[in-house]
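This report is meant to be read beside the sequence and the three-dimensional structure. Please keep both in view while reading.

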Amino acid sequence: MKAKMFRALLPLAIVFTMVSCSSDSSEETAAPIVENFSYSDVELDLMGRINDHRASLGLNELQPINHISYKSSEHNDYMIENDVVGHQYFEQRASNIKQVLGARQVSENVAYNYQSNGGVLNAWLMSDAHRENIEGDYTHFGISIKTNPNNGKKYYTNIFMKR
């Protein structure tokens, strides 16, 4: 009798054990934050130019965040690898920045084939949407400038964030 009851309850005990040891699917693990990013002199120069422009308008200086620059760099890699220029997968980048850094607002500027930081900044300022990002109510930013090794053309991604 005990053996029959044991055999009947064994599958139930196994199921209970498996369920009680499984992780709660409603718990989300936070994506890791990228803390190290090496800026080139050209990237530092463009960040300085953006902040100089903001200062000329009486706006706050944007503080760089390495994680945002890393996400910008990933996007440049994508554009180079796929021979495209645009905001592909922006929502995923923005979602990551919101989750990892606690951002409330995120926007992005991209550019392609400018030979100087002055040229790309001027082009962004001549475009209403890009200028609004540069002059917007943001607190932090990140930037990446990469050169396509196949054709020597530069790709720019500049992401803005507000906490």
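**Overall make-up**

The model discussed here is predicted. The protein contains 6 helices and 4 strands. Read from the N terminus, its elements follow the order α-α-β-α-α-β-α-α-β-β. The chain has 163 residues, of which 37% count as buried. Among the contacts in the protein with a separation of 6 or more, 72% are accounted for by residues 24 or more positions apart.

**The sheet**

Strands of a sheet pair through backbone hydrogen bonds, and this pairing is either parallel or antiparallel. In this protein, 4 strands form an open sheet with mixed pairing, and their order is β1-β3-β4-β2. Why is one side of β1 and of β2 left without a neighbour in the sheet? The strands β1 (63-64) and β2 (105-112) stand at the edges and each has a single partner strand, so one side of each lacks a neighbour.

The pairings can be set out together.

| Strand pair | Sense | Bridges | A bridge pair |
|---|---|---|---|
| β1 and β3 | parallel | 2 bridges | Gln63 and His140 |
| β3 and β4 | antiparallel | 8 bridges | Ile145 and Tyr156 |
| β2 and β4 | antiparallel | 8 bridges | Val110 and Thr157 |

Strand β3 comprises residues 140-147, and strand β4 comprises residues 154-162. Strand β3 is mostly covered, as 6 of its 8 residues are buried. The hairpin of β3 and β4 has 6 residues between the strands, and in this hairpin Gly152 takes a positive phi near 75 degrees.

**Helices across the sheet**

Two of the helices can be described by the strands that they lie across. Helix α2, formed by residues 41-56, lies across β1, β3 and β4 and runs at about 140 degrees to β3. Helix α3, formed by residues 66-82, lies across β1, β2, β3 and β4 and runs at about 35 degrees to β3.

**Helix against helix**

Helix α3 also packs against helix α4 (residues 90-101), at an angle of about 160 degrees and with the axes 11 Å apart. Angles over 145 degrees count as roughly antiparallel, and α3 is therefore roughly antiparallel to α4. The crossing of these two helices, α3 and α4, is right-handed. Which residues of α3 and α4 meet? From α3 come His67, Ile68, Lys71 and His75, and they meet Arg93, Asn96, Ile97, Val100 and Leu101 of α4. By type, the residues of the contact of α3 with α4 divide into 4 nonpolar, 3 polar and 2 charged.

Helix α2 has a contact of its own with helix α5 (residues 117-126): their axes come within 10 Å and cross at roughly 40 degrees. This angle makes α2 oblique to α5. The crossing in which α2 passes α5 is right-handed. On the side of α2, the contact is made by Val42, Asp45, Leu46, Arg49, Ile50 and His53. On the side of α5, it is made by Asn117, Gly118, Val120, Leu121, Trp124 and Leu125. The residues of the contact of α2 with α5 comprise 7 nonpolar, 3 polar and 2 charged.

**Two residues of helix α3**

Lys71 is located in helix α3. Is Lys71 buried or exposed? A residue under 20% relative accessible area is buried, and Lys71, at 13% relative accessibility, therefore counts as buried. Leaving aside neighbours within four places in sequence, Lys71 is in contact with Arg93, Asn96, Ile97 and Ile159. Lys71 and Ile97 are 26 residues apart in sequence, while the distance between them in space, C-alpha to C-alpha, is 8.5 Å. Lys71 and Ile97 are also among the residues through which α3 and α4 meet.

Ser72 likewise has its place in helix α3. Its relative accessible area is 0%, so Ser72 is buried. What does Ser72 touch, not counting residues up to four places away in sequence? Ser72 touches Gly142, Ile143, Ser144, Thr157 and Ile159. One of these, Thr157, is the bridge partner of Val110.

Terms used:
Residues numbered from 1 in each chain as written. Predicted model: local features only at pLDDT ≥ 70, side-chain atom pairs only at ≥ 80, totals over all residues. Heavy atoms only, no water. Pairing = 2+ DSSP bridges. Contact = heavy atoms within 4.5 Å. Axes fitted to C-alpha atoms, helices over the stretch in contact; angles between N-to-C directions. Parallel < 35°, antiparallel > 145°, perpendicular 65-115°, else oblique. Left-handed = near helix turned anticlockwise from the far one by under 90°. Nonpolar A, V, L, I, M, F, W, Y, C, P; charged D, E, K, R; others polar. Buried < 20%, exposed > 50% of the residue type's maximum accessible area, 1.4 Å probe, protein only.
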